[in-house]
Amino acid sequence: MADSKSGGHLEDIQDSIREHTKSLVESVEAGDFTSAIQHVQNLSDVRDQSLYREIGRLTRGLHDSIKNFEIAISDKDADPDADESKMADASDRLDYVIQSTNNAANKTMDLVEETIPVVDDLKSEAAELSVEWGKLLRREMEVSEFRQLYKKIDVFLKKVDGSSNTMSSNLSNILLAQDYQDLTGQVIQKVIKLVKGVENDLVDLVKMAGLVERISGIENTQEVTDTADVLLAEGPIVDAEEREDVVTSQDEVDDLLSSLGF
Amino acid sequence: MKILIVDDFSTMRRIIKNLLKDLGFTNTHEADDGSTGLPMLKTGDFDFLITDWNMPGMTGIDLLRAVRADEALSHTPVLMVTAEAKREQIVAAAQAGVNGYVVKPFTAQALKEKIEKIFERVDAS
């Protein structure tokens with residue numbers, strides 16, 4: 001961000017150094033050491049000034065990065081009436097996703113659990129009637145039995161009609177229960193955008209902090225230690241195809257376990 | 001056959017419960033993590049444990065280890081049903097004495113196979 005400016009500064013600095021060095025050489029050659037020392041002093045001033053200027057520039061950059069980051073995690077600057085930061089808003093949104101997927105899953109399971117006995121009931125009655133119908137076809141049925149079958153079929157047909165309505169309505173409701181996908185998709189996209197923005201600001205911040213450290217001579221001796229515990233739960237693997245340390249199917253799990261003697 | 005299902009998501013418990021019902025196992029109980037599941041196991045006389053790995057409180061691997069360390073429970077068959085898919089995790093579960101490992105998302109068929117396999121072995125031993 002400030003690189004184009006520093007290019008100009010750099011040229012100015014190089015020009016001054018060139019000028020002062022030329023004067024220094026001239027003074028030395030002319031034997032004017034008082035003037036030569038003055039030029040050495042000037043050179044030293046140029047170095048100090050450029051250093052101060054660079055630190056000032058970096059500090060401003062760092063300040064801007066911090067400000068951007070704060071705006072991202074807190075919406076209060078943009079809207080003083082907002083009682084929530086963007087981050088808190090994002091977690092509320094994700095809670096909403098959990099809640100609506102949970103509701104949809106339960107609603108779907110309710111309807112499936114309600115439908116299964118209806119289907120089972122029809123299935124067993126149809127099987128029963130089918131046995132009797134076979135008897136009729138083979139002309140093994142008594143007249144009294146036929147009268148009963150006659151009534152049973154009437155009852156069964158009415159039942160099929162009612163049950164079909166129930167099943168059809170349950171299936172439509174199962175379909176409707178999937179509407180969370182659209183809504184949660186939109187919410188998740190917003191949160192992804194926010195996270196990406198925060199990540200970019202954070203990267204800027206780290207870069208600026210690194211530059212300030214380097215130019216001001218602060219050494220960061222703290223080493224980054226990799227303490228990741230492989231057994232720590234990670235949740236669903238979303239990039240399984242690109243990773244070597246994970247299995248991608250139940251078959252691979254079975255192979256791995258059988259290689260261990262399972 | 002008394003079965004304990006341990007998972008922090010009620011929908012997953014419900015899915016497993018329904019699949020078990022299809023397989024003829026109706027005596028199922030639920031817990032939402034290891035720390036609520038373990039006391040149930042200790043007092044409930046369960047024949048079989050199905051557990052997730054990633055749960056708040058006590059995780060599934062810790063529950064498995066606690067079960068194996070408890071003299072009264074150490075022979076209870078344990079099936080891990082989890083999204084955790086790192087090879088090291090599967091190896092660790094095997095070393096801790098798991099009887100089966102099913103990765104999520106799973107099919108009804110996969111769950112059925114693993115459960116049947118576990119019972120075959122339990123019956124054989």
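Helices (H or I, at least four residues) and strands (E, at least two) are DSSP runs, numbered from the N terminus. The model is predicted, so to speak of local features requires pLDDT of at least 70, side-chain atom pairs count only at pLDDT 80 or more, and totals for chains, interfaces and linings use all residues. Residues are numbered from 1 along each chain as its sequence is written, chains are lettered from A and ligands numbered from 1 in the order in which they are written, and side-chain values use heavy atoms, with hydrogens and water left out.

B:Asp62 is partly exposed at 35% relative accessible area, and B:Arg65 is partly exposed at 37%. Here buried means under 20% relative accessible area, exposed over 50%, and partly exposed in between (1.4 Å probe, protein chains only).

A:Lys159 and A:Asp121 approach to 2.8 Å between their closest N and O atoms. A:Lys159 belongs to helix H4 (residues 143-176) of chain A and A:Asp121 to helix H3 of chain A, 38 residues apart. Over all chains the structure holds 23 salt bridges.

Between the chains, 28 residues of chain A are in contact (heavy atoms within 4.5 Å) with 27 residues of chain B. About 2,500 Å² is buried between chain A and chain B, 58% of it from carbon and sulfur atoms; this buried area is the accessible area (1.4 Å probe) that two parts lose on being put together, summed over both. A:Leu231, A:Gln250 and A:Phe262 supply 24% of the area that chain A buries against chain B, more than any other three residues. Five salt bridges cross this interface. In one of them, A:Asp254 pairs with B:Lys114, with the closest N and O atoms 2.9 Å apart.

Within chain B, strand S4 (residues 78-82) and S5(B) pair in the parallel sense over four bridges, where pairing requires that DSSP finds at least two bridges between two strands. B:Met80 has B:Tyr101 in S5(B) as its bridge partner. On strand S5 (residues 100-103) of chain B, B:Gly100 and B:Val102 on one side and B:Tyr101 and B:Val103 on the other are all buried.

Conventions: Salt bridge = Lys/Arg side-chain N within 4 Å of Asp/Glu carboxyl O.
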